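Keep the viewer open as you read.

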Amino acid sequence: MREMSATGNSTLGGQQPRKHYGITSSISLAFPREIDHIYTQKLTEAMKPFGVFEGEDELNHRLAVLGKLNSFVKEWISEISESKNLPPSAVANVGGKIFTFGSYRLGVHTKGADIDALCVAPRHVERTDFFSSFFEKLKRHDEIKDLRAVEDAFVPVIKFKFDGIEIDLLFARLALQSIPDNLDLRGDSLLRNLDIRCIRSLNGCRVTDEILYLVPNKENFRLTLRAIKLWAKRRGIYSNMLGFLGGVSWAMLVARTCQLYPNAVAATLVHKFFLVFSKWEWPNPVLLKQPEDSNLNLPVWDPRVNPSDRYHLMPIITPAYPQQNSTYNVSTSTRTIMNEEFKNGLTVTDEILQGKADWSKLFEPPNFFQQYRHYIVLTASASTEENHLEWIGLVESKIRVLVGNLERNEYITLAHVNPQSFPGSKENRNENDFVSMWFIGISFKKLDNSDCVNIDLTYDIQSFTDTVYRQASNINMLKDGMTIEATHVKKKQLHHYLPPELVQRKKKSLGDINRSSNGGGSKRCSLDSSQLDSSRDTDIGTPFSSPTPISKPCQPASTPEDNSSSPPQHPVLVFMDSPPASELSQPKPEQGMSIPVIGSKPITTPVAKPPTPPAGNTIPTVVGRSVIPRLAASSPELANSVNGAPKRPHSPSLEDPPKRHKDTEVFSDDSAFKEPYPPSSNGLDGDEGQTVEALAETKAMPIPTIDTSRSQRLPSKELPDASSPIPTSNLRVIKNSIRLTLNR
């Protein structure tokens with residue numbers, strides 16, 4: 001029997017069933033045709049080679065492991081209860097339970113995926129018991145390996161492998177005397193008087209259960225979500241950490257599609273998913289149900305009350321109280337990339353349902369290393385494997401800071417980070433180092449009335465590295481040998497970093513075909529275009545000074561230093577020859593390089609030259625034993641003005657800091673919770689075209705799109721306080737002037 005949304009019309013006795021799911025009427029109530037079932041079967045077959053379905057043996061193995069873990073938890077809670085002198089009758093009924101959430105609970109986990117689980121205990125069991133006595137009990141178990149506790153995380157967790165299956169186990173203590181086996185976590189009253197860490201731990205289960213409750217047909221939802229998650233991973237847009245969407249966000253988008261087409265099967269739902277979200281007017285929020293206030297005084301997403309919530313670019317709101325935006329990391333670049341992928345997906349699924357293509361075409365990966373002329377290679381290295389795993393986790397979590405810094409540069413229209421990291425090649429690292437690399441594709445603005453222009457990336461890069469080093473110092477992670485290095489390379493130089501099969505030119509990519517069919521070049525849509533707000537949603541840039549740019553005429557030159565094989569000890573000259581036609585529409589000048597004018601040279605101590613590839617230009621930031629005194633931090637005015645600035649010319653200087661736009665907008669109605677199109681009056685197919693088209697025609701909610709209060713919404717360890725000093729002990733920072741020259 002289909003489950004019903006809390007926002008719909010209830011059914012009592014012989015009354016008519018509800019008319020719609022979610023907060024609006026359905027777009028279509030049409031039932032599937034025979035051909036739709038055939039396309040759905042073909043979709044299932046196309047996904048099988050990618051390992052998205054587990055066999056019966058693997059599923060049974062997971063169930064057995066979870067059963068053992070559940071018994072293990074009950075045994076531990078009984079032992080704790082006895083040690084705290086509870087009467088025997090209470091100990092016998094104290095209970096305890098393991099709940100699952102995430103992809104496993106949704107039923108869309110893939111082969112080898114981990115399990116997200118939650119240990120729920122009664123009120124007399126403390127969190128300290130979980131991380132002490134329970135941790136020790138796990139340590140003594142023969143089937144449990146790789147055990148580690150992260151007690152000081154935003155959501156505290158114990159990680160381990162149980163009989164070969166990776167498990168992330170959270171803990172929540174409820175204000176109950178006992179935990180029955182039939183406990184339902186969806187009730188808001190359970191959150192009363194709970195510790196904030198318990199509320200965060202419960203949130204995953206509550207959101208997952210609410211999503212499943214709000215979809216019309218669970219099986220159609222699951223198969224559709226499997227397809228969309230596979231598509232997102234193959235297209236390189238699956239990463240909450242890097243500013244794309246994570247698993248729960250994709251699940252909510254699919255769930256909303258299922259609500260709008262409640263009787264459709266998976267093949268139809270995949271197509272309708274792209275139809276709906278290629279026309280969605282962001283930043284209108286995606287809501288599965290009308291938000292409710294449980295009067296527990298917990299912070300919820302509400303742009304009428306919270307100014308910071310008005311600045312989110314792509315809000316997708318969790319359905320369980322306290323409602324939160326699951327996509328606060330999305331930036332203008334990542335939203336632009338995902339919007340184009342929605343349009344590409346619509347084009348491909350149109351072809352598939354017309355019999356012109358197979359489902360395998362939907363899962364073709366883009367050739368990221370052929371899409372851009374210029375790239376920034378971000379390299380993180382450490383001297384031991386353990387330090388490296390810790391270091392790359394921190395660096396990856398802050399890459400979105402670098403993307404945000406680059407977006408705010410007035411000459412950069414797109415900064416596209418590839419979520420996949422790559423190991424460092426032997427030729428560009430020391431023999432004993434452990435290295436990971438990320439690649440960021442850069443698109444530059446068209447030049448109109450100037451022959452060439454200097455582009456200063458000093459501040460963009462340095463503020464990112466400052467943020468990472470400050471964070472590492474705040475949590476006592478920074479160790480000798482941990483380095484970050486940013487290198488600018490051209491497409492033709494990528495073979496020094498990557499295997500040939502990744503960088504060789506392939507047949508025209510899916511994205512290029514669709515861009516060509518839309519009458520455009522191969523360049524992605526400019527961030528400055530009329531369709532998008534030019535403001536940004538990024539983390540706070542660090543307020544430290546960098547050399548003030550000096551404008552002088554550009555002079556053509558030919559220099560061998562362009563392919564230097566060692567990191568520079570002087571201000572780095574980063575050269576750019578003429579960008580491709582997709583980036584600059586002006587005629588290409590004569591072959592040659594232009595030397596940018598460099599300001600005063602920062603004083604540095606000569607360092608040993610590790611072997612590096614013979615391509616690109618490096619921005620080294622090195623941790624070593626020698627200490628170079630840092631330049632003084634910039635003035636408070638700069639510290640307060642870096643955040644949320646519009647496009648800025650070069651690096652901000654002390655004399656002319658960027659201005660922050662004041663927030664003057666006040667919401668007095670419910671427009672923040674309305675979807676960007678009117679509900680269909682009768683849910684018939686005939687109204688579908690007008691209903692979906694209204695997505696594009698209706699004016700979006702007037703929400704500015706700069707997040708200026710991220711530091712207030714996130715914990716101090718997620719984003720360090722901007723006033724924290726950069727560590728000077730055991731840290732050497734080489735500050736170089738990083739400037740590009742862009743020819744017309």
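Buried here means under 20% relative accessible area, exposed means over 50%, and partly exposed is whatever falls in between, all with a 1.4 Å probe and protein chains only. This is a predicted model, so local features need pLDDT of at least 70 and side-chain atom pairs count only at pLDDT 80 or more, while totals for chains, interfaces and linings use all residues. Residues are numbered from 1 along each chain as its sequence is written, and side-chain values use heavy atoms, with hydrogens and water left out.

First, the overview. Of the 744 residues in the chain, 56% count as buried. The chain has 17 helices and 16 strands; these are DSSP runs numbered from the N terminus, with helices being H or I runs of at least four residues and strands being E runs of at least two. A contact means heavy atoms within 4.5 Å. Among contacts between residues at least 6 apart in sequence, 79% join residues at least 24 apart.

Now go to helix H1, residues 34–47. With 14 residues at 1.5 Å a residue, H1 should span 20 Å, and its end C-alpha atoms are 21 Å apart, which agrees. (The expected span is 1.5 Å times one less than the number of residues.) The buried residues of H1 are Asp36, Tyr39, Thr40, Leu43, Thr44, Ala46 and Met47. They cover an arc of only 160 degrees around the axis, which puts them on the same side of H1; the arc is taken from the directions from the helix axis to the C-beta atoms.

H10 is worth a stop of its own, at Thr349. Is Thr349 buried or exposed? At 0% relative accessibility, Thr349 counts as buried. Its side chain reaches the backbone oxygen of Leu346 at 3.1 Å. That is a polar contact, meaning a pair of N or O atoms within 3.5 Å; within protein, one must be able to donate a hydrogen and the other to accept it, and residues adjacent in sequence count only if both atoms are side-chain atoms. Leaving out residues up to four places away in sequence, Thr349 touches Val270, His271, Phe274, Trp359 and Leu362.

Phe274 also belongs to an aromatic cluster, along with Trp231, Trp250, Phe273, Phe277, Trp280, Trp282 and Phe342. Rings of Phe, Tyr and Trp (its six-membered ring) pair if their centres lie within 6.5 Å; planes under 30 degrees apart count as stacked, over 60 as edge-to-face and the rest as tilted. By this rule the count comes to 30 aromatic pairs. Rings meet charges too: the charged end of Arg186 sits over the ring of Tyr213, 3.9 Å from its centre, and that of Lys233 sits over the ring of Tyr238, 4.9 Å from its centre. The test is that NZ of Lys or CZ of Arg is within 6 Å of the ring centre and within 35 degrees of the ring normal.

From Trp282, step on to Pro283: the peptide bond between them is cis, with omega near 10 degrees. Pro283 is in the loop between H9 and H10. Pro322 is found in the loop between H9 and H10 as well, and the peptide bond from Tyr321 to Pro322 is cis, with omega near -5 degrees.

Ala264 counts as buried, at 7% relative accessibility. Ala264 and Phe31 are 233 residues apart in sequence, yet 6.0 Å apart in space, C-alpha to C-alpha. Ala264 touches Ala30, Asn220 and Leu269, again not counting residues up to four places away in sequence.

Asp146 has a positive phi of about 50 degrees although it is not a glycine; Asp146 lies in strand E3 (residues 144–150) and, at 48% relative accessibility, counts as partly exposed. Asn476, also not a glycine, has a positive phi of about 55 degrees. Asn476 is exposed, with a relative accessible area of 69%.
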